[in-house]
Structure formats: C-alpha cells, structure tokens
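Me: I have a structure open and would like to go through it with you step by step. Could you keep the explanations plain?

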Amino acid sequence: MLDEYLENIGYSNKQTSFFKKTYPISSYSESTLLYNFKTIYNFFKKNNVDNKSFIYITTTVPTIICESIENIKNKIHDFYLLGFNKLEFFFILKNYPYIYSLNLSKIKQKFDQLYNLGFDKENVHSIIIQYPSIFSCSVANMKKAFQFFLKFGYSSLEAIFIFTNIPELFQYDEDLISKTIDDVKHFGFTNSDVIKITSFLPELFLSNFGKILEKFQCLIEFGYTEKSIVSLIRKIPFILKSEYLNLLDSKIDVLSSLGFFKDDIILMISHNPYILLYSIETLKDKFLSIQSLGYSSSDVVKMIQGCPFLFGYHIKSIEEKIEFYKECGLGSLIVDESKFLFYNLNFIKSRYQFISKYEKISMKNYFLLFLNDSDFYNKYSITKEELLKGDY
Amino acid sequence: MDVLIRFGFTIEEIQNMMNSNEDILQVDDSEIEELIKLLKGIGCSLNSIKNILSCNPFYLTRGLNSIKKLLNKFYELGFSYLYILFDSNPYILNKSDTDLEELYNQKISEGLTKSEVLDFIQYNMFF
C-alpha cells in the first residue's frame, strides 16, 4: 500500500527503500508511515507544492515525514514572525529543504550575521528568498566575501547592493571573482570602472565578460574601435544587458535605413549613447514624428546630427520649441542649428522676453538667446535668478 | 504603473519607457511616485517630467537615495534652477554624485573657474 502510494506520487523504488531504511522512519509501521505521507502530502499540495518538489523535500529532509501538521504550522508561524509569508516559506522550503531542520535561533543568527555586515531587513529578506542556501554559508566565509569587495574599493552600500542582487557570491570562490574583475580590466577598464559597471550590473559576476564583449563585434565591424566601445560601456553600463546587446546590429541597421551615414552614426552615438538603449520602435517613431512636424527625412537626419538628444525628447517638447522659434522668425534656422532644441523652452522664453526690451531678435543676433550664464551676465548685467523672477 | 497614469502619462508613453528600460516593472509604485515628486519639487512641470522620462526612463530605476544624493551634490556645487538643466539634459540624472564631483574637480583642475564649470555642465550636450 505504501509502496503503491509513493509510486503514484513519483518516488522511485530506490527512494522508497531509502525511506524504509532511514531512522526514525524505519521504526514506524507501514500504516503509520502511509498516514503521515498522505497527511503531509495533502497539506503541502494545498500549499502549491508539486509532486517533484515534495519528493525533493522529503528525500532531502526525510524526518519531515515524522512531523505533525501542527509542528509544520508552527514552523510556518516562526517564519511569519521573521517576515516571511506562507507562500515564501514554501518557496524557501522547496529550494532549501534543510531550512526545516534549523531552529528559530539558528535562523535568527543568520539574520544577525547579515545585519552585522550592514544589510537591512529588506535586503536580508530578499537574500533569503533568492538564495536560501545562504544558511549553509559560514559567517567566516560571508565576512571574507564581503571584505574582498570592500578591499577592492567598493563602498559598503555598493557591496550590499551586489550581494543583495547576487547572494550566491557569498559562496563564490574568490579566485573566480578576481578572474571576472581581471577579464573586465583586460579590456581597458580601470578599477573604478569595474566598480561602476558591476554596481550597475552585479550579474556580470556570473557571466563570461569576454563572451559579452563578443556581442560588440557588430559595432567593431561597423567601424567602432575597441577604445570607443570601452568609452561607450563607461558611459552607459546598461548596454551590457542582453536585451540591449542582442539588438545592437538591428539598431545600427535602423539608423542606416533612416538615412544616417556610418560616420554620422558613430559620432551621434558617441554624443548620445542612449540611442542604443531605445527600442527600435522608439527610434523609428521619433524620427517619423519629427518628420511629421513638416521636415523631410534628410532635414530630420541633419537635425538629429546637430542635436542627438532629439531621439529622446518627448515629441510635444520638440514641437513646442519649434513653434516658438518659428514665431520668433528663426524657423528657417532649425534644421541647421538644431542645437536650439536642446535648451529648456521656458528659459529661452524668459531670455527672449528680456532681450526684446533692448533689441529685436533676428537672424543676426539670435545667438544671444543661447549664451551661457556668465556671458549673458557680462552682456546684460542680469543674473539667471533675476531673469527668471522677472526682476528687471 | 498606475502611478504614472495618475500623473498623466498615456499608455503609449509608459510602453515606450518600458520598451527602453524593462526594469521599471520591478520598481514599486510608491518609489516611482517619490521620484516624480522629487522632480516636481525642484520645479519641473508635468510636461517637463514627461520629457525627462521619455528621454531617460532609466531615472525611474536609479533609486531614490541615489537621486537625492545627486541633487544634494548639484546644490553643493552651486547649481540652481535644476529643472532647466534636467529638461535640457535628462541623461545627467544618471550620473552619480561622485561622477558629478569628479567632473567638477576635473574641470577646475583644467583651469576653469567655478562659474565656467557650471556653464560647461549646464550648456554642453557632449560630456
């Protein structure tokens, strides 16, 4: 009866024999064992533990079969007091069944070890959910792993962020972490670059950096140098994420199809590397939206070359600025002097209002609108504050 | 994402932001609300906030404390009317406070005066 029941759940003959030989289970009668298995299985099933997980839990910690449902509920309650709900308890149990064998004080000890390193309650909760095996990590090893990062130059906050996101690093071989760091530095990054990049993307420690950099091959074939790619990664470490890397060549193709030449693309992206992070739809839509404001595609190419941020600005912001400059009589300059569109409109309007008291803005003196603060002050003896408050 | 809708973002605008930065999905609505309130607090209009987030959806995944530190650094270095700067150059919000300080110190060591450095950062797209 017991053998048949266990076979129906999915236990192998080997696993069934294992139970029958393991103390104290071996001291139970078959009918008691069957009753226990059924009760605990039904309780776990109600809590969304599937057969595969149930087998894993019970073969890893066989003594759980000797527990009463009351005891299991008490354990769930202990975890509730530590901040984990029932769903989280079973998630942890499925991933690290040994947790069941730990008493409350042992679990609290692990919490304290992490608090002592500077992790807060939220970090600790996240670490345990992501990596319940942290309970098998000794405090000495945890301290050593944490200290390694601090010695390298990470701040405490940066190290906490990295370990909260990749808690398995607590049990990583120091040599492996050093190798990842060396791999990154090999490509021309400094220690401080490594810290910055890995603080953005701690998952890099789990990846092969060389393989990641291979994805930039399409840019190298396009005309980028390795040095410019290092510079690109320094500016936007996000680009190392696969969702961007996998579309690099497609984005270059889209920019080419919109009418940008190779050298223009390289220059434009060096000025605004975020272009490579926008979706293909966003790049196309923005281009077409600017075109719909009354410009040819070659005009739009020129405008974006002059002001690469145009790929990012909200189209309404661009439209309002263009309307204003047209009203001022400067509309014909927009294609060639698209850097106008960089400036905050309300700020330029304030300057326009002020300058108009003294002279009319025309094609000859429009540059006055775009002077930096020092030059504007030198010309008009008015501070930015006075200008914006209308204090003149 | 409800908080973005409450602030007046359209579904299309939200979708565009998420297409560029899918990590936005991991950020709590309460944090997004605080990040937007920070921009409102320094004088950004709703249209300006839409412009900033359209350009730089990565702002929403910077973390509130990092942004607060960055803002404090801007003020410490003598910047004012940050809403003007952020509307022109939303990407500057991705810098850390140490990045900003390093850039400032680098320019000072190159011989620029304080006001020249502020002008360089405020009126320069390419750095």
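**Salt bridges, contact and cavity**

Reply: Arg351(A) forms a salt bridge with Asp373(A), and their closest N and O atoms are 3.4 Å apart; the term stands for a side-chain nitrogen of Lys or Arg within 4 Å of a carboxyl oxygen of Asp or Glu. The pair links distant parts of the chain, since Arg351(A) lies in helix 22 (residues 345-356) of chain A and Asp373(A) in helix 23 (residues 373-380) of chain A, 22 residues apart. Helices here are DSSP runs of H or I with at least four residues, numbered from the N terminus.

Me: Before we go on, what kind of model is this?

Reply: This is a predicted model, in which local features need pLDDT of at least 70 and side-chain atom pairs count only at pLDDT 80 or more, while totals for chains, interfaces and linings use all residues. Residues are numbered from 1 along each chain as its sequence is written, chains are lettered from A and ligands numbered from 1 in the order in which they are written, and side-chain values use heavy atoms, with hydrogens and water left out.

Me: How many residues does the contact take from each chain?

Reply: The contact, meaning heavy atoms within 4.5 Å, takes 40 residues from chain A and 32 residues from chain B. Together the two chains bury about 3200 Å², 54% of it on carbon and sulfur atoms; buried area is the accessible area (1.4 Å probe) that two parts lose on being put together, summed over both.

Me: Switching topic, which helix gives the most to the lining of the largest cavity?

Reply: Helix 6 (residues 82-88) of chain B gives the most, with 3 residues. The lining of the largest cavity includes Tyr343(A) and Phe347(A) as well as Ile84(B) and Leu85(B). On a 1 Å grid over the protein atoms alone, a cavity is a set of points where a 1.4 Å probe fits but cannot get out, and lining residues have an atom within 4 Å of a point.

Me: Last one, what about the bond from Tyr23(A) to Pro24(A)?

Reply: That peptide bond is cis, with omega near 5°, and Pro24(A) sits in the loop between helix 2 (13-21) and helix 3 (30-46) of chain A. For comparison, most peptide bonds are trans.

Notes: On a 1 Å grid over the protein atoms alone, a cavity is a set of points where a 1.4 Å probe fits but cannot get out, and a pocket is an open set with protein on both sides within 12 Å along at least five of seven lines; lining residues have an atom within 4 Å of a point. Helices (H or I, at least four residues) and strands (E, at least two) are DSSP runs, numbered from the N terminus.
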